[in-house]
Amino acid sequence: MDKWIELRRKIRNQDISLRQISREDGIHRQTLRKIRDNSQPPGYQRTKPIVKLKIDPYIDRIKAIIKQDDGADHKKQYYTDPDY
């Protein structure tokens with residue numbers, strides 16, 4: 001984040017070309033353009049949802065077992081929710 005702010009200041013406040021900053025810092029000019037255009041670094045974004053291939057057919061059964069055992073009196077057996 002600090003590097004982002006520092007580079008943004010260099011690009012905006014000083015009359016230094018993107019090519020020169022690219023040579024000095026070793027950052028591609030396209031990346032410097034992104035820094036110039038965005039005030040904060042973009043976070044990680046998944047392009048596709050998570051696929052649970054092996055467990056996917058059993059999710060409904062696991063949820064049913066957890067729901068059935070929620071009312072049980074035994075305290076030593078705990079299950080976790082598969083949605084985590």
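**Salt bridges**

Mentor: Counting a salt bridge as a side-chain nitrogen of Lys or Arg within 4 Å of a carboxyl oxygen of Asp or Glu, the total is three salt bridges. The model is predicted, so local features need pLDDT of at least 70 and side-chain atom pairs pLDDT 80 or more, while totals for chains, interfaces and linings use all residues. Residues are numbered from 1 along each chain as its sequence is written, and side-chain values use heavy atoms, with hydrogens and water left out.

Trainee: Which residue forms a salt bridge with Lys3?

Mentor: In that pair the closest N and O atoms are 4.0 Å apart. The pair links distant parts of the chain, helix α1 (residues 2-13) and helix α2 (residues 18-25), 22 residues apart; helices are DSSP runs of H or I, at least four residues, numbered from the N terminus. The partner of Lys3 is Asp25.

Trainee: Is Lys10 buried or exposed?

Mentor: Buried means under 20% relative accessible area, exposed over 50%, and partly exposed in between (1.4 Å probe, protein chains only). Lys10 has 18% relative accessibility. Lys10 is therefore buried.

Trainee: Which residues are linked in a network of salt bridges?

Mentor: Asp25 pairs with Lys3, and also with Lys10 at 3.5 Å, N to O. The Asp25 and Lys10 pair joins helix α2 to helix α1 across 15 residues. The network consists of Lys3, Lys10 and Asp25.

Trainee: What is the N to O distance between Arg36 and Asp37?

Mentor: Arg36 is partly exposed at 30%, and Asp37 is exposed at 51%. Their side chains meet in a salt bridge with an N to O distance of 3.2 Å.

How values were computed
Helix = DSSP H or I, 4+ residues; strand = E, 2+ residues; numbered from the N terminus.
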